[in-house]
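Have the 3D view open as you read.

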Amino acid sequence: MRKTTYALAIATLLASSAASLAEDTKIGVLMDITGPIASFIPPLQNAANLAVKHVNDNGGLLDGQAVAVYGDTTGSSQGAVDAAGKLINVENVPIIMGALMSGTTIAAAEAAAIPAGVVQISPTATAPAMTDINDNDLLYRIVPSDNFQGKVLADMVLEEGINKVAVTYVNNDYGVGIGSTFVAAFKAAGGEVVAEVKHEEKKNSYRSELATLSKAGGDALVVIAYAGDSGSKIVKQSIEGGLFTKFIGTDGLRDEALIADIGAEALSTSFFSAPTSPDDNPNQAMLHEAYTAEYNEPADKPFVDQTYDATFMTLLAVEAAGSADRTKMAQALRAIASAPGEKVGPGEWAKAKALLAEGKDIDYDGAGGSYDFDEAGDVAGAIGKFVVDGDVYKQIKIYQ
């Protein structure tokens, strides 16, 4: 009896020692927590944290737990470089989820992540310029390029019977990318752009730009900017000056802060485009149910699906690589995102971990759709049309 008790004690001690030696694995989460899209961030942090929780509650990452280490870009290029540099050089993360804005994503990639050989996957950056960056297969995104969204927006406008528009877009990677694509597509389809003005960020007044735009006529004003910066100011000053009453925006303007600032009634004839999940995607319902149960709030906020998916995919890549070796992340990320492989959805960490342990391939299909990366790290996708419905946005159509 004593020998048996002694053996059990030794086994328990060894198991406890092995558990104590298991190391947690960090992943970087680079977000624009402060700055022009700060109002977007709380549900996106919830989405990222939920992905990490799903991992830790269902077997953990590698032989330990997953730890999300956040970096705040402050919504600026230099802030993005500094935050990414800290994640890479101080926290030693093997992979980064983020950033969110196109400008901060590109800045972090070019100055920090690519030189250090660290994979970066953005859930929201849409600038066409990302496609042509010489990134050594390190920069990815899971939303379609604005080359697609700009063309879809042109279709939306013409379908509304609007043939003449004035256009203003913010002078950054995001605004110039989608603005120029929209203008070219709208003209090619027979629409008339009566005036086009590129505006700067962080100004208190856009009345001179609006005067130029309104003099040219136009049935609506297309505003491509972030609501937390120039976008909301332009809409408000347009209404105050009696210059425009109908506004057309993209994902940067599909911000509930705009509704709070302007009022639903004043936006009743306006509409907006934004990346979305494909129609009838059961994985979206799966995530939304889990999100609502965890946070007691609806999950139908901009980019919740994509942020969860991108975070879950970084964790899957680490598990598939079998270590936190940075040099293995790109190949592992492509492997878990693409066919062939057994399908894995949001929250199905235990299933994925077991399959990977058996040496089997997996193919993650997320709440935002499937993510088959092309050579540039881009994906196809879907764009939704949204209108204001009370104090939120309601999706009324999907373009694929």
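## Cavities and pockets

In this predicted model, 14 residues line the largest cavity, and those nearest its centre are Leu 100, Thr 124, Tyr 226, Asp 251 and Phe 303. That lining divides into 9 nonpolar, 4 polar and 1 charged residues. The cavity has a volume of about 140 Å³, and the structure holds 3 cavities of 30 Å³ or more.

The second largest cavity is lined by Arg 254, Glu 256, Asp 300, Lys 301, Pro 302, Val 392 and Tyr 393. By class, its lining has 3 nonpolar, no polar and 4 charged residues.

Now for the open spaces. The largest pocket is lined by 23 residues, with Thr 276, Gln 284, Asp 305, Phe 386 and Gln 395 nearest its centre. The elements that give two or more residues to this lining are β10 (271-276), α10 (282-295), α11 (304-321) and β15 (392-399). Of these, β15 gives the largest share, 4 residues.

Turning to the second largest pocket, its volume is about 180 Å³. It has 16 lining residues, and Gly 368, Ser 370, Tyr 371, Ala 380 and Gly 381 are the closest to its centre. Here the elements that give two or more residues to the lining are β10 and β13 (369-370).

Here are the volumes and lining classes side by side.

| Space | Volume | Lining by class |
|---|---|---|
| Largest cavity | about 140 Å³ | 9 nonpolar, 4 polar, 1 charged |
| Second largest cavity | about 40 Å³ | 3 nonpolar, no polar, 4 charged |
| Largest pocket | about 290 Å³ | 9 nonpolar, 7 polar, 7 charged |
| Second largest pocket | about 180 Å³ | 9 nonpolar, 6 polar, 1 charged |

## A look at one residue

Asp 365 sits in strand β12 (residues 362-366). Is Asp 365 buried or exposed? Asp 365 counts as buried because its relative accessible area is 17%, under the 20% cut-off. Beyond its neighbours within four places in sequence, Asp 365 is in contact with Asn 283, Lys 343, Val 344, Gly 345, Pro 346 and Ser 370. One of these partners, Ser 370, is also among the residues closest to the centre of the second largest pocket.

## Confidence

How confident is the predictor along the chain? The average pLDDT is 93, and 94% of the residues score at least 70. Over residues 1-20, however, pLDDT stays under 50, and the model has 0 contacts beyond four places in sequence for that stretch.

Terms used:
Residues are numbered from 1 along each chain as its sequence is written. This is a predicted model: local features need pLDDT of at least 70, side-chain atom pairs count only at pLDDT 80 or more; totals for chains, interfaces and linings use all residues. Side-chain values use heavy atoms; hydrogens and water are left out. On a 1 Å grid over the protein atoms alone, a cavity is a set of points where a 1.4 Å probe fits but cannot get out, and a pocket is an open set with protein on both sides within 12 Å along at least five of seven lines; lining residues have an atom within 4 Å of a point. Grid points are joined across faces, edges and corners, and a volume is the space filled by probe spheres set on the points. Ala, Val, Leu, Ile, Met, Phe, Trp, Tyr, Cys and Pro count as nonpolar, Asp, Glu, Lys and Arg as charged, and the others, Gly among them, as polar. pLDDT is the predictor's confidence in each residue, from 0 to 100. Contact means heavy atoms within 4.5 Å. Buried means under 20% relative accessible area, exposed over 50%, partly exposed in between (1.4 Å probe, protein chains only).
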